[in-house]
Each structure stands twice: as C-alpha cells, then as structure tokens.
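The structure is shown first.

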Amino acid sequence: MKRVFTCVVCPNGCEIEADYEGADVRAVTGNLCPKGRDYVVQELVDPRRTIATSVRVTGGDQPLASVRLTGAIPKARIFDAMRAINARTLAAPAAIGDVVIHDLMGLGCDVIVTRNVPKV
Amino acid sequence: MTHRQAIIIGGGPAGLAAALRLKERGVDDILILEREHRLGGILRQCIHDGFGLTRFGESLSGPEYAQRFIDRVEAAGIEAITDCTVLDITPDKTVTAVSRVHGFMQLEADAVILTMGCRERTRGALATPGTRPAGIYTAGVAQSYINLQNIMVGREAVILGSGDIGLIMARRMTLEGAHVKGVYEVQPYPSGLPRNIEQCLNDYDIPLHLSHTVVEIRGRERLTSVVVARCDGRFRPIPGTEEEIPCDTLILSVGLIPENELSLAARVELDPRTRGAFVDEHLQTGVPGIFAAGNVLHVHDLVDFVSLEAEALADSAAEYLKGGGLPACGLEVKAGANVGHVIPQKISGTRDFTLSLRVRSPLKDVRLTVRQGDNTVLSKKLRKALPAEMLQLAIRAEKLSRDADVEVSVE
C-alpha cells in the first residue's frame, strides 16, 4: 500500500511517501532525516501525540499554569488525558518543571508545568 | 534628558535575544521597554510545544522558551521597564514613553532596536457583511482568553483563515471540549504549516475547506451562524454555493501585520511587501542607528529564527555603537520570479548575510537562484516551496561582488 504522511516531528513537515504492508514499511521517500521513517512506522503501529493545556492555580498572580507532557501518548488516550489533567488544581507557587501528574495514566510520561506562577 | 546606549522597544523573543547579545558584545547600558506586565511577548500565550527544536534541540512550550531568555536577561542585570507604553520615537532617536511606575519619560538613545512584533488582521480588515454580535475573535485573542485568563470563548466554532494560530486554536478549543466545525480558507492552499494541518486538524477530524470564505455573519447579541461560500480564482464568492453554518464563535486567522506605527513616527521607510522596514544586511533601517528584527520586520513562522535574527541585529548594533557607523549598503536585493519578498533589501557585497524570503504560491521541484549580474551566487534545488514556509539561506561574502544588484528567483 502507498500513502503520503506529513511528518510532525519538526517544522520541516516533510511529505513522506511510504510503501508498506501492514506495519512493514518497505520504502519511504521525501523525508529529510531518519526520524521521518520512524514517524511513519509509529503512525502505522501506534500513532502518538503530545498535548499542551493548562491547570488552575490558586493563590497565584495568574489563574493558570500551562502544562505539557514529557512524552507522546497514544492518540486515542488524548481526551482521557485532558480529563485527568483538568481534575487537578495547583497551589501557588508553581515553577517550570514541577510535576503535576507522575506517570500519567500509566503511560510512562509526566505532566509538567511550563510557566512560573508566583504566589501573591 | 536621560541618555542610554541602546533602547529596545518590546520585550518579546526578538527584544530579549537582542538584549542578551548586545550585553555579550560589551554594550552595558541597555534598556528594554515592554508594554505588557511581564516579559516574553506572544510566547506567553503559546502554550503548545514545538518551540526551540533548532535553538535548544528540544521541543519546548512558548512560556518555557521565553523563560530561558528572561532568566538570562535578569542574570545579566539588563534593565527592563514593563507596563510601559512607548508613545514616540524621533529620527534623532529620542524615545518618549509612559509607565505606571516611572510616569512620563523622555530618553535619548545612541541606538534604537525595534522589536515590537506584529498584530492580527481583524474583521474590520475583511469587511465581512452582517451583524455585529459577540462571539467573533481573532485567533490570538481567543488564545489569550483560553490560555492566560481561563475564559472559554465558545462551544460551536467556525474558523476563518488557515494561519498557524487559527490551526493551533482549532486543536486547543477541541481539547477544551468545543466543537470546531471547520476551517475555511479563501486561497486554494493553506496558509499555515503542513505539520499544523496534520496535527491540529487531521488528528481531530476537523475539515479544511480551501477556496471558501465567510460571506455573512448572523446573530443579534451573540453569533448564531455564519454563511460560507465557495470562491473563484479571484477570491470572489460564487453565487449559489452559500451554506449556513450554525455556530456561536467565529475565530479569525487571516494574517499578521508587523506593528510599525512607532517606526513610521521615526520616519523609517516601510516595504509594502513585508509591511516592515526596508533594512540592509546589518538589519539597520533607513534611519541610521535604528535597527529592526523579528516579526516587526517580517512575519516569521518559527521563534527560533526570530531569536537568530535578533542576535544578528545585535552584532551589527554593537558594531555601530563602538565604531559609530557600519559599511554602506549600496546594492539592492530584488525579489525576482515567484518571490514575494526578500530581507534584507540592501547589502554591501562585502559581508556574509542571511537572506530570508517567501515564495508567492506553492511550488514543487524548483530551483532557487541568487544572481548578481551574470554571476550565480547561490543555486539550490527545492523539493517544495510553500508561502507558509519562510526560506532562509546563508550567503557568503566571497561569492559576492561590490558592483551589481542581486536578484533572487525561484523557478
């Protein structure tokens, strides 16, 4: 089978034409680096993405601390992850790198704070 | 009047990077003036990741990317005044500003660094017919509400324009439980990056309708629907193709405009193609000692390149401040076939510089050529060239002569 993938690994956004059978990728063209091939294999077997969102903060100089995942999770679990993150509230101060959820839903990555929110 | 060596207008990614590099180059008397309460500029609300891949080799969110620079600016003891609005800059580099803490200020500078960024085109610029209900936001305003102020903007959304911030907001609103019904783009190709089409729209089954626009806005107090229509090759709606789409929110992602009111006050001449200043290879505007970089000069896709450009600016500005002048740039850089604009527009022919450009329309398997008279300075094959992706090339001085204009073409 042939299919064109848009690689999301970096801003180059390579258009990769892949020839594959099931999860067996026979040939890829159009990728500028080896990560493109890995991306195609991952997309065929278990597509994964990271997400970024915010968590409420009490007692801070801003109402929200932005957060992100430290690794990609299966696409199908994104909305479960949003529910788990939205259930959390932080007390100020929050600092970049603080872990909000360790090992999110057993998926092997953490939710970390990406904005400093000082206490008022 | 207070005198400063360098005054930087705007404490976003360009201003912060310029400040740090100036300091490294031995310029100690630096002042950053920032309109917002905090440094960081637009990065503060760009909470998605993908920033810093070039610069730091890792995928950071906007606030993290900004904080790395802010921490270094603070550690270097560079002075910044926030909550400060600059009112005027004169051609002889007198800066007038007001701030809550310092009141009215008039400052004299040896060099003025313009890093004010850009702003969004609004509904007014589109002149879309219809009523004037609540529920219509530019993508960046919606982003500020959701990511900074914890205010959800709506539940049923239509997005007009396929700029990157609109695509990012389509995903962001979907994650927050809104239903994004579709993205409508008047051009026959997307204006955002391909990876954002993939990870913000395709991942969430949000349809992208090319060659479509909103032709009417309906609703009294709150938006109740928009009417969309297919467009012909000259962006005119085709009668009979209208479709009404119920929604409570319309997000506009229809272009960014460099914010140059202060530049104009300083009599800096603007290029109608970039809507930023005409600059030479030193990123110096037509007014000696006034420099510009980042989105105020030309709208970038990636902050990593904004930082790099601002650092190049600071190298030149430091040289200007030490020597009192920079080599004259008498050669023109012209946008040739399929090239929308180029930066810089003037060069000396004696130094390395970074050439930035965008193509006018999507092209495949083409050759980018930089010519100086009969001499080919650089020639590069491109698999694809998209208007959404800025092209940047390092041009080496040894390939240049001092006696002919330069032309850049893609064909």
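In this predicted model, chain B holds an open sheet of five strands in the order β10-β17-β11-β12-β13, with parallel pairing. Its edge strands are β10 (136-138) and β13 (208-210) of chain B, each of which pairs on one side only. From one strand to the next the twist averages 20°.

B:T138 stands opposite B:L252 in β17(B). Helix α4 (residues 139-147) of chain B lies across β10 and β17 of chain B and runs at about 95° to β10(B).

Chain B also has a helix pair. The axes of helix α1 (residues 13-24) and helix α2 (residues 62-75) of chain B come within 10 Å and cross at roughly 35°. The crossing of α1(B) past α2(B) is left-handed. The residues that make the contact are listed by helix below.

| Helix | Contact residues |
|---|---|
| α1(B) | B:P13, B:L16, B:A17, B:A19, B:L20 |
| α2(B) | B:A66, B:F69, B:I70, B:R72, B:V73 |

By class, the contact of α1(B) with α2(B) has nine nonpolar residues, no polar residues and one charged residue.

The contact between the chains takes 22 residues from chain B and 24 residues from chain A. On the side of chain B that touches chain A, the elements giving two or more residues are α2 and α6 (194-201) of chain B. Of these, α6(B) gives the most, with five residues. The residues on this side of chain B divide into nine nonpolar, seven polar and six charged.

Definitions and conventions. Residues numbered from 1 in each chain as written. Chains lettered and ligands numbered in written order. Predicted model: local features only at pLDDT ≥ 70, side-chain atom pairs only at ≥ 80, totals over all residues. Axes fitted to C-alpha atoms, helices over the stretch in contact; angles between N-to-C directions. Helix = DSSP H or I, 4+ residues; strand = E, 2+ residues; numbered from the N terminus. Left-handed = near helix turned anticlockwise from the far one by under 90°. Contact = placed C-beta atoms within 7 Å. Nonpolar A, V, L, I, M, F, W, Y, C, P; charged D, E, K, R; others polar. Pairing = 2+ DSSP bridges.
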